[in-house]
Amino acid sequence: MTRPSQSERVLVLAPLGRDAEVAAAVLRSAGLAAVVCREIRTVLEELRAGAAVLLIAQEALGAGAREGIGEWIAHQPPWSDLPVFVVTGGAPRQDHARALRELSWLGNVLLLDRPLRRATLLSVVRSAIRARLRQYAAREVLAAREREVLARDQFLAMLGHELRNPLGAIILALDVIDRRGVAAPRQLDVVRRQSRQLSRLVDDLLDVSRVTSGKITLHHHPVELAALVGRAVEAQQPPAAAAGVSLRAELAPGEVPVLGDPVRIEQVIANLVGNAIKYTRPGGHVTVGLETSGGDAVLRVHDDGIGLAAADLERVFDTFVQVDSGLDRARGGLGLGLTLVKTLVTMHGGRVRADSAGPGKGSTFTVRLPLASPADRPAGADRAAAAPDARPRRVLVIDDSPDNREVAQSALEMLGHEVCLAGDGPSGIEEAFRCNPEVVVIDIGLPGLDGYEVARRLRAARGRGMVLIALTGYGQPDDRQRALAAGFDLHLTKPVEIDALRRAIERSDPSA
Ligand code: ADP
């Protein structure tokens, strides 16, 4: 016979007389592991060490039992439902029912009346151990699932990062080809659209893996929501036009100040408006409204598209959920956008909800964000960025990918800049002394010395005499913080478009 394990033990609590020893002896004689406890404190210690069943003499349920054992029972992990047997003095039926109700704080509790027969005790305890073993099995399944989720999130983060590098080169190369003028503009448009779609998917993947592991940090600023909504809606006009959907902003007059992370709030709006366009047929309408109500900014994205069934209104915010709308998969997406929206809104102290009168009747997504108090509002204008200045500059690009160097060089030369190149950290520093650039664009994942270290050394050697721009696949706020701490002036995330690169360089001024 195999020895019962620690977690198959039966704990017996009986403070007086020989009851506990007798019960324990019966259990042991049948090959079961029994541990006698005289005090609640001992029961709690043993429970922490692992047990399958708790057998209690009713007299032991005095003061302290409810706080001690009751607390433990109430805070069991989700897989656990410890079987508890209370051995009573033997009582009439109706008292038995009442006693059971009164002991409901013991959770999975069963009353055993005295005199207790050996066979009865053994059969109920054995069946309880069986049930407990199934609970342990469920615990293993849950733990394995958690490990899988963790591994999946790590994989998604790595995948997203790896995909960003080739995408960065493709998108920048496209911009260069485009500006040089080529003979096949339609095909080029297709490649550009699809690359942008790919890069949006990659961003969602990265964001969701960050969100689910709690790694997104917000950088709060006073935000004028009306202006931000206006800009976000404007940015969605081209895809709306391409989908044959009319998109309109209806903004109540006046400012709508909130305190939040403008990048993330814009992401929320872009996701909701993007969905509204995606799930509305050509000829349909999307309206984005903004007003204030009850101390909140209220943003409504309304469409007259395919709508949602009542059962899906909550569910759509869950990770990977996509409603089977009978539409083809051509609309794309991973079922992640609304998960991000909900998490980001909640992190801002707000709420989001979906409403629809049913399938075919359109949807409304409403976001409420707390309005900023006057103390949170900016004292003056936003910290103004340097004014753009398009004069040619000498730019050093340090990147270990020959493709990335090649497209960055073409892009920068096309913008009129003079370019020098290096392929790793140490030669990047050497080249910086040789070609004396005003701007250095540095990839972070470099061989030899990483981009952070290159930035630190250049800063130490040259003070603020050159502008350092990090150009990386790592696009999360923490990465940005790390880059700024290493001495970078700017942090651009791949894939970067030529205009973003141009703006970064034109706004850079070493003397600022
Ligand atoms: P995705 O759009 O990538 O599938 P989301 O998380 O953004 O993922 O949305 C989840 C699901 O919610 C979508 O697949 C769609 O079924 C539904 N949905 C979202 N927005 C709308 C909308 N405006 N109208 C109808 N259904 C929507």
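Start by selecting helix α12 together with its surroundings: the buried residues of α12 pack against β13 (394–398), β14 (418–422) and α13 (451–462). Keep in mind as you look around that this is a predicted model.

Now show the side chains of α12, residues 425–435. Gly425, Gly428, Ile429, Glu431, Ala432 and Cys435 are its buried residues. Turn the view to look down the axis of α12: these buried residues fall within an arc of 165°, so they line one face of the helix. What is exposed on the other side of α12? Colour Glu430 and Arg434 there to find out, as both are exposed. Then step just past the end of α12 to Asn436, where phi is positive, at about 50°.

Next, move to the open sheet of five strands, and trace the order β2-β1-β3-β4-β5, paired in parallel. Which strands stand at the edges? Select β2 (34–37) and β5 (108–113): each has a single partner strand, so one side of each lacks a neighbour in the sheet.

Zoom in on β3 (residues 53–57) and β4 (residues 83–88), a parallel pair joined by four bridges. Here you can pick out Ile56, with Val86 of β4 standing opposite.

Then select helix α2 (residues 40–49), which lies across β1, β2 and β3 and runs at about 175° to β1.

Terms used: Residues numbered from 1 in each chain as written. Predicted model: local features only at pLDDT ≥ 70, side-chain atom pairs only at ≥ 80, totals over all residues. Heavy atoms only, no water. Buried < 20%, exposed > 50% of the residue type's maximum accessible area, 1.4 Å probe, protein only. Helix = DSSP H or I, 4+ residues; strand = E, 2+ residues; numbered from the N terminus. Arc of directions from axis to C-beta. Contact = heavy atoms within 4.5 Å. Pairing = 2+ DSSP bridges. Axes fitted to C-alpha atoms, helices over the stretch in contact; angles between N-to-C directions.
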